[in-house]
Amino acid sequence: MAKKIDGYIKLQVPAGAANPAPPIGPALGQRGVNIMEFCKAFNAKTQELEKSMPIPTIITVYADKSFTFETKTPPASFYLKKAAKLDKGGTEPGRTVAATVTMAQCREIAEAKMVDLNAVDLDAAQKIIAGSARSMGFEVTE
């Protein structure tokens with residue numbers, strides 16, 4: 001018989017750097033989940049990824065206080081800032097241009113994020129990434 005699900009916890013955790021400090025500790029603690037067990041499992045799963053890469057994680061907590069977790073690809077904004085070699089996006093999107101990214105860079109990002117995007121083909125995914133770039137104050141060029 002399947003386990004009864006108690007709830008879901010959504011967190012963005014840096015790759016290979018999960019520790020019991022906030023926000024992980026309090027979020028898992030109030031559900032009664034073993035925090036150190038999660039931290040060890042998460043760090044083991046993400047150790048080959050770039051350090052401090054934000055990984056969206058969905059933790060499924062069961063009634064018996066056990067858990068499973070699923071990791072997603074990093075946010076598009078992380079990849080776009082990396083491609084533009086910036087620490088943050090533009091302060092006035094639509095008014096000033098913070099950086100420039102090419103459609104080729106958008107295509108690479110779309111290929112990396114394809115499993116998590118709501119797109120049928122790569123061209124549609126590329127347009128989604130280009131739209132995210134524009135909303136961050138980046139100019140998208142051919």
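View 1. Once its neighbours within four places in sequence are left aside, Thr73 is in contact with Pro56, Ala112, Lys113, Val115 and Asp116. The model shown here, as in the views that follow, is a predicted one. With Lys113 the contact includes a polar one, in which the side chain of Thr73 and the side chain of Lys113 come to 3.0 Å.

**View 2. Setting of Thr73 in its loop.** Thr73 lies in the loop that runs between β3 and α3, the latter comprising residues 76-84. Its relative accessibility is 16%, and because buried means under 20%, Thr73 counts as buried. Between Thr73 and Gly25 the separation is 48 residues in sequence, while their C-alpha atoms are 22 Å apart in space.

**View 3. Length and start of helix α2.** Helix α2 is made up of twelve residues, 35-46, and at 1.5 Å a residue it should therefore span 16 Å, which agrees with the 16 Å that separates its end C-alpha atoms. At the start of α2, a side-chain oxygen of Asn34 reaches to within 3.3 Å of the backbone nitrogen of Met36.

**View 4. Buried side of helix α2 and what covers it.** Within α2, the residues Phe38, Cys39, Phe42 and Thr46 are buried. Around the helix axis these residues cover an arc of only 100°, and so they are on the same side of α2. The elements that cover the buried residues of α2 include the strands β1 (5-14), β2 (54-62) and β3 (67-71), together with helix α1 (24-29).

Definitions and conventions. Residues are numbered from 1 along each chain as its sequence is written. This is a predicted model: local features need pLDDT of at least 70, side-chain atom pairs count only at pLDDT 80 or more; totals for chains, interfaces and linings use all residues. Side-chain values use heavy atoms; hydrogens and water are left out. Helices (H or I, at least four residues) and strands (E, at least two) are DSSP runs, numbered from the N terminus. The expected span of a helix is 1.5 Å times one less than its number of residues. Buried means under 20% relative accessible area, exposed over 50%, partly exposed in between (1.4 Å probe, protein chains only). The arc is that of the directions from the helix axis to the C-beta atoms. Contact means heavy atoms within 4.5 Å. A polar contact is a pair of N or O atoms within 3.5 Å; within protein, one must be able to donate a hydrogen and the other to accept it, and residues adjacent in sequence count only if both atoms are side-chain atoms.
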